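This report describes how two protein chains meet. The sequence and structure are shown first.

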Amino acid sequence: MTVPVRFYQVGSFAVGNRLVPGAERTVQSDPSRTNSLTCGHRACQGCGEALGARYALDAAMRATAGRMVAVNATGCLEVFSTPYPESSWQIAWLHSLFGNAPAVATGVAAALRVKGRHDVRVVGQAGDGGTVDIGFGCLSGMFERNDDVLFICYDNQAYMNTGVQRSGATPPAARTATTETVGPEPGNPFGQGKNMPALAMAHEIPYVATATVADLHDLEAKVERAMTFHGARYLHILVPCPLGWGAAPCDTVRIARLATQTGLFPLLEAEHGEVVRVTKIRRLAPVADYLRLQGRFAHLFDGTGEPARPDIVAALQELADRTIRRYGLVDDGGRP
Amino acid sequence: MLRQIEGSRAVAEVVASCRPEVVCAYPISPQTHIIEALGSLVKAGDLSPCEFINVESEFAAMSVAIGASAAGARAFTATSSQGLLFMMEAVYNAGGLGLPIVMTLANRAIGAPINIWNDHSDAMAVRDAGWVQLFAETNQEAADLHIQAFRLAEELSLPVMVCMDGFILTHASERVDLPTQEQVDAYLPPFQPRQRLDPDEPVSIGAMVGPEAFEEVRFIAHTRQQQALVRIGDLAEEFAEAFGRDSGGLVHQYRSADAETVVVALGSVLGTIKDVVDSSRDRGMRIGVVGVTSFRPFPIDALRAALQHARRVVVVEKAFSVGFGGVLSTDVAMSLTGLPIPVATVVAGLGGRPITKASLQTLFETADRGELERLTFLDLNRGLVDRELQRIAQSRTSGPSAENILRDLGTVASGIG
Amino acid sequence: MRIHGRGGQGVVTAAELLAVAAFEEGRFAQAFPSFGSERTGAPVVSYCRLDERQIRTREPVVAPDALIVLDPTLVHQVDLFSGLSPEGFVLVNTTRTFDALGLGSLLDRFREDRLVTVPASEMAQRHTGRPVPNAVLLGGFAAVTAEVSLSAVVTAVRDRFGSEPSVAEGNVAAAAAAYAYVRQQMRGVPGEAMLSAPPD
């Protein structure tokens, strides 16, 4: 019996690329990749979104043989990628407003269809604010009509562009500028927030997937898989923000990986509302390992790294455990 | 071909003959019949190739049009009032990006209080968004203006809205000469976008522009509107030659050349005014009317030329600047700068209140006697107002004014006690 | 003219059909509704103007030359006769007489030979299976005013309901029946007598 061998190396995928057949190498390892978001943009050091966008769009460009148009909502990505008078986009790219990227993408797709350009695909993209909050109405409409758009959400869990304010994607207990760590319930309240991938699944669109910038192969594979479908598709990518999360810029990939390994962020694929694949947690980690790396959760710990608010840490652990149970992220014998 | 047809239906059929490629709209009274008719035409295959998209809000409607237009398709949508406000961010976005979207604005009052009937407050709310705003006097003109609108928009790369009075025109059945497909094709060539999203020649559209260049980018929009001032007249002339009737243009005059009193107005009320002008002339009054067809760009020179010989100007308008006065009349006054011609503002027809010949008659006679005040609210029921003002003065908790007034009118059942 | 009725009776369509009928005969026509929020049962008014030249004014019809009343229960609820010319025509959809409706005084203020009643709902029911009286009353209108011909009304009805031939023909038959009914009334045959006459 053959078992696929998976190589992991913290911090890089060099081993993974050298030892896999050429066809299975990542798009990023290909010198002839598009570089859709090329260098020269003004993102912060360690920006997860810049990474995620480059990964996702280069994969989409390869999957579509370069026949793709991108629609971008207002946000960090749009702002740091087009500092007047420059643009770091090497693809056809349109920015309209904050809340309408899904609708604009619908319009682009309609135009391409009516012009008979069935080979050209459309990607809409936004941060979490532009997806789950202000863009939600338009996104739901696009899903409901099953418009032929792949919508990508780069989720850094707050309105980063405007100074780290809370969004509908901000996790409980996280510090943001509008959910400060004061009062009896410091940080973002529990019991709020939207599970956007679940909401996307509820629309029963052809394909929904989650990914992070920690697993490049996985992210690229999901983008390519998404492009094999027509109709509305949704990709939710967790992209740590060093500035907003209060994390070291060199920890972006590490934090993203911990998000999946704690169970807080499930890696899954769904088709027409049914989960068809999950990525099991390889090495289960307690949420505290993830939280300790981020300044937005610093109020939960004391100076020695021990929980100062064990109740909140436990509540977050419960959330992670519930996600693990819900999606079957750990095989029997692991933690429930 | 001559038809006895509802205004909305006429507009839908003419828009269809303009070969739009993407039609998207969210329903709102009184625009619904336009979009329903277009939807049916697309679904039945009579309008093809065309994508008809049922969107989830007006904001989405304009956004879909933006995406479609940026990708090189001829895009059309329609809305009114609250819907226009809901899409306002996108309206400005389309104006700023220079996308040649055409939109029908079925003029309707903006709430609160909620009101589905006609006035011009909606058009006035977006007059500085960089869109061309053309006002139709009749359903014939409404239909014709759409053909000119697509041509103008695509030539200059700026969006155009055709304003037609909600219910009064949209839901009125009257005689309209609908052009043939051949006639429209001869006048309106296929859309050749100035900017286009194309993977073969990728560009970034919608970049942020800082203080270094914002003024210049906005100035380009300004010059486009100034070009429109010229082209609107040219295209109307060309239209007259091709279709055999006058529609569009900047302004048009009726018996105003030798008039002492000149009335100025937008839209369908011009018809009623013309009837009163005729009867007033019959009784010896030297009165005429100038209809403004192009509200934006505002035809400041053409208006000055048409009004400069008048003794007084009376602007009858269906909107007002709260606490201040008129909107159209303020622009009209601008065109008469330096001339000793008083401009009187008459706010009329708000929220669909009929503008009657009888009221206009009295109004014009007052103006003719030189007794018209700077600002008049036509047919205002002062008693209703005063009673509510009294209630407000007497009690801190007087309640919602609209309901109080309606109760006074007997329209709403009395509350308890 | 002014047309009064309740939502669902085809008040708006009536005005439009009349306009189309006049158009068929080469005249200018303007038809438009006075809207409340659209719901069945609420009072609705529509207007129609006919002229030999283009109609410019947009105000509601305040001084009608003719009134068509699709629902007589409006009589004591709305000021139906406001502005009606002394030479005006009145057509009411009812099986009763003007007297029985409490409108006997009308017969003094206006010209008796221009006030007619038509059991339009009943005729519509008989010919189309639905008590929608609008097209029917237009047949009566043609008879009493001669502003439009019956054949023009028929053309307008067929044009409007072209996609449903049975509905169209039913309305055409009912309109013709109303036309004949009114012509008879004008010749002095009382309304009640017509009701017992065999249906057309």
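## Strand pairing across the interface

I205(B), in β9(B), is the bridge partner of L94(A). The strands concerned are β2(A) and β9 of chain B (residues 204-205), which run parallel and are joined by 2 bridges. The model discussed here is predicted.

## Extent of the interface

The contact involves 36 residues of chain A and 40 residues of chain B. The size of an interface is often expressed as the accessible area lost when the parts come together. Between chain A and chain B the buried area is about 2900 Å², with carbon and sulfur atoms giving 62% of it. On the side of chain A, the residues that lose the most area to chain B are Y84(A), L97(A) and V114(A), which together account for 20% of what that side buries.

## Polar and charged interactions

Chain A and chain B are linked by 6 salt bridges. In one salt bridge, the side chain of R67(A) meets that of D200(B), at 3.1 Å from N to O. Across the same interface of chain A and chain B, 15 residue pairs are in polar contact, both residues being at pLDDT 80 or more.

## Elements and composition on the chain A side

Five elements of chain A each supply at least two residues of the side that touches chain B: β1 (68-72), α3 (76-81), β2 (92-95), α4 (101-114) and α6 (136-145). The largest share comes from α4(A), with 9 residues. By class, this side of chain A has 18 nonpolar, 12 polar and 6 charged residues.

Technical notes:
Residues numbered from 1 in each chain as written. Chains lettered and ligands numbered in written order. Predicted model: local features only at pLDDT ≥ 70, side-chain atom pairs only at ≥ 80, totals over all residues. Heavy atoms only, no water. Contact = heavy atoms within 4.5 Å. Buried area = accessible area lost by both parts, 1.4 Å probe. Salt bridge = Lys/Arg side-chain N within 4 Å of Asp/Glu carboxyl O. Polar contact = N/O pair within 3.5 Å; in protein donor to acceptor, adjacent residues only side chain to side chain. Helix = DSSP H or I, 4+ residues; strand = E, 2+ residues; numbered from the N terminus. Nonpolar A, V, L, I, M, F, W, Y, C, P; charged D, E, K, R; others polar. Pairing = 2+ DSSP bridges.
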